[in-house]
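Colleague: I have a model open and want to learn how to read it. Can you take me through it feature by feature?

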Amino acid sequence: MTATNDQRKIRYAVVGLGWFAQEAALPSFTNAENSELVALVSDDPTKNEELSKKYGIKYTYSYDEYEDCLTSGEVDAVYIALPNHLHCDYTVRAANQAIHVLCEKPMAVTEEECEAMIKAANDNNVKLMIAYRLHLEEANLQAVEILRSKQIGEPRIFNSVFTQQVEEGNIRLRDVTGGGTLYDIGIYCLNAARYLFQDEPIEVFAVAANNGEQRFSEVEEMTSVILRFPNERLATFTCSFGGASVSTYQIVGTQGDLLLKPAYSWQGEIKHYLTINGETQERTFEDHDQLAAEFTYFSNCILEDKDPEPSGTEGLIDVSIIQALYQSIETGKPVQIQTSNRHQRPTSAQTIERPPSDEKPDLIHAAAPSES
């Protein structure tokens, strides 16, 4: 997918200027040729002032001025990078003003919020995409193709570990904002199991653990999950805010296995270790600007009037499963689930590669979740 020179650019407002927006999203517009950053929305005047100066952005708004941004005539789409509990409100308000929405995952905190977001987008005929950047990333999409082509036989087992040390005071450790291990990082493992098995779980079980540190007073320190898929396939993963930095998944089939490392990173190389009949092949996928790919893809969907693949339905399914997992943690029992049907899943045809950004931005009133 490439934009031709005579196409107009989709004009974006970035809503929420925390760590990920500053470090990953803002610099990536340089590599998204059909997308233009035109506005910033934040309640921090220093962020608005310094970042608008840095990126040459004319329009800045506070959260109270969000409606002014939406009705300004200067914006075609918003990228929502706010705390999870605000995703629904800011998406619905944008859709109601006929502004397209690219919303960070998790889509929202409850199924009801997700459904309200989908309804608002449908009612106003706007595009709604959930920011599953790995649905456009080559290493993950090639993993999908390896499984689809039965190179490792019948895929039977998915196992993943995604852990990091989250600093005390980080928003991911707050319950009121929709924090917690499953919403923040477990969603990557859950979504990967779904796109690799190309199916939906039918039963889930989870347990949470907490080492009692003050920083984990509102959310669990870590969670382990078992997902039962049709045809008696199992997916397991553990995610933690209190472990060293690890990001891997492995799929075991009847004739071989595939290991990805690091599986979920937004920057840097990703490696495949494909083992068939006892012989391992290693393949390195170069660093690419995953956010630029995301903006390019979403802008193309708007320009060509196509429905984005990581749709609102995709986001809703993950949130509904996460809610079932928390129900399992509370009851100590497995929970049977039935999710919406997915007719569209990521394939290698969606791969978009953009050169990596050399920029290492200085963060303004923001901090990475962990030092590593």
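Modeller: Start with a loop. D305 is found in the loop between α8 (290-303) and α9 (312-331). Keep in mind that this is a predicted model.

Colleague: What is the phi of D305 near?

Modeller: Near 50 degrees, a positive value in a residue other than glycine. D305 is also exposed, because its relative accessible area is 60% and the cut-off for exposed is over 50%.

Colleague: Where does Q198 lie, and what is its phi near?

Modeller: Q198 lies in the loop between α7 and β8. Its phi is near 55 degrees, again a positive value in a residue other than glycine. With a relative accessible area of 24%, Q198 is partly exposed.

Colleague: Now the sheet. How do strands hold on to each other in general?

Modeller: Strands of a sheet pair through backbone hydrogen bonds, either parallel or antiparallel. Here there is an open sheet of 9 strands, with mixed pairing. Read the order as β14-β13-β12-β11-β7-β10-β9-β8-β15.

Colleague: Which are the edge strands?

Modeller: β14 (279-285) and β15 (335-336). Each pairs on one side only.

Colleague: How does β7 pair with β11, and in which sense with β10?

Modeller: Take β11 to begin with. Strand β7 (residues 155-165) and strand β11 (residues 242-253) run antiparallel, joined by 9 bridges. To place the pair on screen, find N159 and its bridge partner Q250 in β11. Now turn to β10. β7 and β10 pair in the parallel sense over 7 bridges. There, F158 has A235 of β10 as its bridge partner.

Colleague: How many bridges join β9 to β10?

Modeller: 8 bridges, and the two strands run antiparallel. β9 covers residues 222-229. M222 stands opposite S240 in β10. The hairpin of β9 and β10 has 3 residues between the strands, and N231 in this hairpin takes a positive phi near 65 degrees.

Colleague: Which residue takes a positive phi in the hairpin of β13 and β14?

Modeller: N277, with phi near 50 degrees. That hairpin has 2 residues between the strands. β13 and β14 pair in the antiparallel sense over 7 bridges.

Colleague: What is the peptide bond from K261 to P262, and what is its omega near?

Modeller: The bond is cis, with omega near -15 degrees. P262 is found in the loop between β12 and β13. Another cis peptide bond runs from K105 to P106, with omega near -10 degrees. P106 lies in the loop between β5 (100-103) and α5 (111-123).

Colleague: On to charges. How many salt bridges does a search of the whole structure find?

Modeller: It finds 24. Read each one by distance, then by where its partners sit. One of them joins the side chains of R11 and D76, at 3.0 Å from N to O. This pair links distant parts of the chain, 65 residues apart: R11 is in strand β1 (residues 10-15), D76 in the loop between α3 and β4 (77-80).

Colleague: Are R11 and D76 buried or partly exposed?

Modeller: The cut-off for buried is under 20%. R11 counts as partly exposed because its relative accessibility is 23%. D76 is buried because its relative accessible area is 12%.

Colleague: What about the salt bridge of R233 and D199?

Modeller: Their side chains meet at 2.6 Å, N to O. R233 lies in strand β10 and D199 in the loop between α7 and β8, so the pair ties together parts that are 34 residues apart in sequence. R233 is buried, at 10% relative accessible area.

Colleague: Where do R148 and E145 lie?

Modeller: Both are in helix α6 (residues 138-148), 3 residues apart, about one turn of the helix. R148 forms a salt bridge with E145, and the closest N and O atoms are 3.6 Å apart.

Colleague: Which residues are linked in a network of salt bridges?

Modeller: R194, E200, E314, D318 and R345.

Colleague: And which residues gather in a patch of negative charge on the surface?

Modeller: D43, D64, E65 and D68. E65 is found in the loop between β3 (59-61) and α3 (66-70). It counts as partly exposed, at 34% relative accessibility.

Conventions: Residues are numbered from 1 along each chain as its sequence is written. This is a predicted model: local features need pLDDT of at least 70, side-chain atom pairs count only at pLDDT 80 or more; totals for chains, interfaces and linings use all residues. Side-chain values use heavy atoms; hydrogens and water are left out. Patches are made of residues with over 30% relative accessible area and no salt bridge: like charges are joined within 9 Å, nonpolar side chains (Val, Leu, Ile, Met, Phe, Trp, Tyr) within 5 Å. Accessible areas come from the Shrake-Rupley method with a 1.4 Å probe; for residues, only the protein chains shown count as cover. A salt bridge is a side-chain nitrogen of Lys or Arg within 4 Å of a carboxyl oxygen of Asp or Glu. Lys and Arg count as positive and Asp and Glu as negative; His and the chain ends are not counted. The place of a charge is taken as NZ of Lys, CZ of Arg, CG of Asp or CD of Glu. Helices (H or I, at least four residues) and strands (E, at least two) are DSSP runs, numbered from the N terminus. Buried means under 20% relative accessible area, exposed over 50%, partly exposed in between (1.4 Å probe, protein chains only). Two strands pair if DSSP finds at least two bridges between them.
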